[in-house]
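Walk through this model one contact at a time.

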Amino acid sequence: MTTGYLETTRNVYKEAAEKPDIGLCCTTTPVWQLPGLDMPLIMQQMNYGCGSTVNPRDLVNSPKILYVGVGGGMELLQFAYFSRQKNGVIGVDVVDEMLEASNRNFDEAEKLNSWFKKEFVDLRKGDALNLPVEDNSIDVAAQNCLFNIFKQEELKQALQEMYRVLKPRGRLVMSDPTCETKIPEALRDDERLRALCLSGSIPLKEYVKMISDIGFGTIEIRAKRPYRILDPKNYATDKLIYIESVEVCAIKDPTPADGPCVFTGKTAIYFGSDDCFDDNKGHLLLPNMPLAVCDKTAGALGSLNREDIFISDSTWFYDGGGCC
Ligand SMILES: C[S@@+](CC[C@H](N)C(=O)[O-])C[C@H]1O[C@@H](n2cnc3c(N)ncnc32)[C@H](O)[C@@H]1O
């Protein structure tokens, strides 16, 4: 097992903590605008994420939140906005300089936001591969643009750690780059490129399988967006490599006997002449009422070959509700 890249990663983020690197992981995702939330500029400059992991739907009933890989603290502040309780958000990072920088940024946030108290955030030194957090104690665990850096063994371990600390029914919310093109080994082994979230990404299907293999019974693909191009002129590749970034939520509920429910934004629409269509497996389709379905149900309904049921393609935008 080669884990030297983990040290390179720590060094890259030590530098990014000491000197904000504005273009490091930029995406098209706008910074959340929330009433009464004034985001310090330094947190925006240190936004090293590739999407958003903050979704009000996950944040009801004062959840206990864990955020791994704190960066400048922007998403921790957004989570604190919803949780507003002492130590409501635990932030874990392995890089001292990043913890110090985010701690300073929270001072700034306290000055700008009368509702925010630094005690809402509990910063802890620790590793994603060995979280300093109790078993079954977290409602929402998040990471943004860190796990894509890990090679397979470490990714498995990091996901297992998230699973361990989540309460039953707890949610793992993640944003990471994914890539459907095979990335040449020379690029995959380039420790700095990997640390910069450019060459470690894997195809979405593999990413989802890694998550479901850990035991998460439900997986939602919430968004998928263009992220980066690695081109032959600037990188060691003979073809263009297109990288996307995804937002995924995995729920720690039991995996059904026939496999996990993966929602990729498919919808079933019944347009027949009966009052409804019932597949007798818990799915009732009312005429012309779109029903969000997981890929398993979409496959089962599709295999009926009915002329009065339409199944949409994956939209890669799943916003809740539906079949399972
Ligand atoms: C790409 S940055 C993302 C930062 C933040 N999530 C954001 O969206 O701005 C990766 C973060 O993970 C931290 N990190 C790197 N290796 C880590 C590890 N093994 N365990 C925990 N944190 C780690 C880095 O210090 C950095 O804060």
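An axis here is a line fitted to C-alpha atoms, for helices over the stretch in contact, and the angle is taken between N-to-C directions. Keep in mind that the model is predicted. Two packed helices are described by the angle between their axes and the distance between the axes.

Start with helix α5, residues 152–165, and helix α8, residues 204–214. Their axes lie 9 Å apart, and the packing angle is about 45°. Angles under 35 degrees would count as roughly parallel, and 65 to 115 as roughly perpendicular. The crossing is right-handed. Which residues make the contact? From α5 come Gln152, Leu155, Lys156, Leu159, Gln160 and Tyr163. From α8 come Met210, Ile211 and Ile214. By class, the contact of α5 with α8 has six nonpolar residues, two polar and one charged.

Now turn to helix α1, residues 4–18, and helix α4, residues 96–112. Their axes come within 8 Å and cross at roughly 25°. That angle makes α1 roughly parallel to α4. The crossing of this pair is left-handed. On the α1 side, Tyr13, Lys14, Ala16, Ala17 and Glu18 take part. They meet Glu97, Met98 and Ala101 of α4. This contact of α1 with α4 divides into five nonpolar residues, three charged and no polar.

Next comes the ligand. How many residues surround the ligand? The count is 22, and the closest are Tyr48, Tyr67, Gly69, Asp93 and Ala128. A polar backbone atom of Gly69 sits 2.8 Å from a nitrogen atom of the ligand. For Ala128, a polar backbone atom is 2.9 Å from a ligand nitrogen atom. Gly71 places a backbone N or O atom 3.0 Å from an oxygen atom of the ligand.

Terms used: Residues are numbered from 1 along each chain as its sequence is written. This is a predicted model: local features need pLDDT of at least 70, side-chain atom pairs count only at pLDDT 80 or more; totals for chains, interfaces and linings use all residues. Side-chain values use heavy atoms; hydrogens and water are left out. Axes are lines fitted to C-alpha atoms, for helices over the stretch in contact, and angles run from 0 to 180 degrees between N-to-C directions. Helices (H or I, at least four residues) and strands (E, at least two) are DSSP runs, numbered from the N terminus. Angles under 35 degrees count as roughly parallel, over 145 as roughly antiparallel, 65 to 115 as roughly perpendicular and the rest as oblique. A crossing is left-handed if the near helix is turned anticlockwise from the far one by less than a right angle, and right-handed if clockwise. Contact means heavy atoms within 4.5 Å. Ala, Val, Leu, Ile, Met, Phe, Trp, Tyr, Cys and Pro count as nonpolar, Asp, Glu, Lys and Arg as charged, and the others, Gly among them, as polar. A residue is near a molecule or strand if one of its heavy atoms lies within 4 Å of it. A polar contact is a pair of N or O atoms within 3.5 Å; within protein, one must be able to donate a hydrogen and the other to accept it, and residues adjacent in sequence count only if both atoms are side-chain atoms.
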